Amino acid sequence: LNEGPIQLGFQQADVATGRRACPRSEVGIGGRMGLKLHTDDFYGAFDIQALVYGSWALKPTTEIFATLEAVSFNFAQNAVLTSTQVTLGNMTVGATQTLFWGDKWVLSATARVLLPTSLETPGAHLLGGELGASVTWRALKWLEVHGYAGGDVQGSVGRAAPLVTGGGVFIGGVQASPFTWGALAVDLTGRVGQLSYFAPSFALRFRVASLGIELAATLPVVGTDRHTVIGQLRLNWRF
């Protein structure tokens, strides 16, 4: 089963989505879909990203990982204009290091870099970084409590102005695993910065042998933008 925070957010790739505290080796593919409806402003947008991701546990306490939006499709329309775009999306690489652990809990530090791979904005490529800490507590055999706190900064390189922004994210959640093959995860995410929001996330997680399956969705209820709903499907194979 997947574990830790639900990796579904409102920024590039997996930025500000938290990270599990326990290293593991896996490869995966997925699809993320976002829908924005601003009826008062006569604006709507629809986007899909095809995800490729993976991680490698160099040792039981150290993990490196990466996520790539291999294909990014965006469609937007307002009262007079329509735009369609298909391009390479964002990519992040990072590492997690376990700092402390006990019989039922683990505390880890995570660093992540946003690489300037995206071609979505002409003349500008996003570049950024994130530092955070993850904690997992196995309260009961079937109940995991997890949390994440991190800060990120990003700007752009190219002909356009850098437009440097930053923010902080705080995540708290639980995962109930009544069966060895299935679990329900619920997270509450708060972010402060230029993009601010409070959003609950829900995920159904399944396991078939070494194959993990996750269906997740999130919607901000407070914040800068409350018109975006995101859904995601992830398939991962654990080694």
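Visitor: Is Val52 buried or exposed, or something in between?
Guide: In this predicted model, Val52 is partly exposed, because its relative accessible area comes to 42%.

Visitor: Let's switch to charges. How many salt bridges turn up in the whole structure?
Guide: The search finds ten salt bridges. One of them joins the side chains of Glu26 and Arg20, at 3.4 Å from N to O.

Visitor: Are Glu26 and Arg20 buried or exposed?
Guide: Glu26 counts as buried because its relative accessible area is 5%, and buried means under 20%. Arg20 is buried as well, with a relative accessible area of 7%.

Visitor: Which residue does Glu69 pair with?
Guide: Glu69 meets Arg32 in a salt bridge, at 2.5 Å from N to O. That pair links distant parts of the chain, with Glu69 in strand β3 (residues 62-77) and Arg32 in strand β1 (residues 26-38), 37 residues apart. Both Glu69 and Arg32 are buried.

Visitor: What about Asp152, which partner does it have?
Guide: Asp152 forms a salt bridge with Arg191, and the closest N and O atoms are 2.7 Å apart. Here too distant parts of the chain are linked: Asp152 lies in strand β8 (residues 143-158) and Arg191 in strand β10, 39 residues apart. Asp152 is buried, and Arg191 is buried too.

Visitor: Which residues do salt bridges with shared partners join into one network?
Guide: The network is made of Arg19, Arg20, Arg24, Glu26 and Glu63.

Visitor: Which residues line the largest cavity?
Guide: Among them are Arg19, Arg20 and Glu26, which also belong to the salt-bridge network. The lining also includes Asn2, Glu3, Pro5, Gln7, Tyr53, Arg205, Glu214, Arg234 and Asn236.

Visitor: How does that lining divide by class?
Guide: Seven of the residues lining the largest cavity are charged, three are polar and two are nonpolar.

Visitor: And what is the volume of the second largest cavity?
Guide: Its volume is about 70 Å³. It is lined by 13 residues, and the closest to its centre are Ile6, Leu8, Gly9, Thr189 and Ser201.

Visitor: Which strands supply at least two residues each to that lining?
Guide: Those are β10 (182-193) and β11 (197-208). The largest share of the lining of the second largest cavity comes from β11, with three residues.

Visitor: What classes of residue are in there?
Guide: The lining of the second largest cavity has seven nonpolar residues, five polar ones and one charged.

Visitor: Let's go to the pockets. How much space lies in the largest pocket?
Guide: The largest pocket holds about 1,200 Å³. Its lining has 44 residues, and Phe10, Gln11, Gln12, Lys36 and Glu120 lie nearest its centre.

Visitor: Which elements give two or more residues to that lining?
Guide: They are β1, β2, β3, β7 (124-140), β8, β9 (165-179) and β14 (228-238). Of the elements, β3 gives the most, with five residues.

Visitor: One last stop: what is the volume of the second largest pocket?
Guide: That pocket has a volume of about 340 Å³. It is lined by 19 residues, with Leu1, Glu3, Arg138, Lys141 and Arg238 the closest to its centre.

Visitor: Which elements and classes make up its lining?
Guide: β6 (105-115), β7 and β9 each supply at least two residues to the lining of the second largest pocket. By class, that lining has nine charged, six nonpolar and four polar residues.

Technical notes
Residues numbered from 1 in each chain as written. Predicted model: local features only at pLDDT ≥ 70, side-chain atom pairs only at ≥ 80, totals over all residues. Heavy atoms only, no water. 1 Å grid on protein atoms, 1.4 Å probe; cavity = no way out; pocket = protein on both sides within 12 Å on 5 of 7 lines; lining within 4 Å. Nonpolar A, V, L, I, M, F, W, Y, C, P; charged D, E, K, R; others polar. Points joined across faces, edges and corners; volume = space filled by probe spheres on them. Helix = DSSP H or I, 4+ residues; strand = E, 2+ residues; numbered from the N terminus. Buried < 20%, exposed > 50% of the residue type's maximum accessible area, 1.4 Å probe, protein only. Salt bridge = Lys/Arg side-chain N within 4 Å of Asp/Glu carboxyl O.
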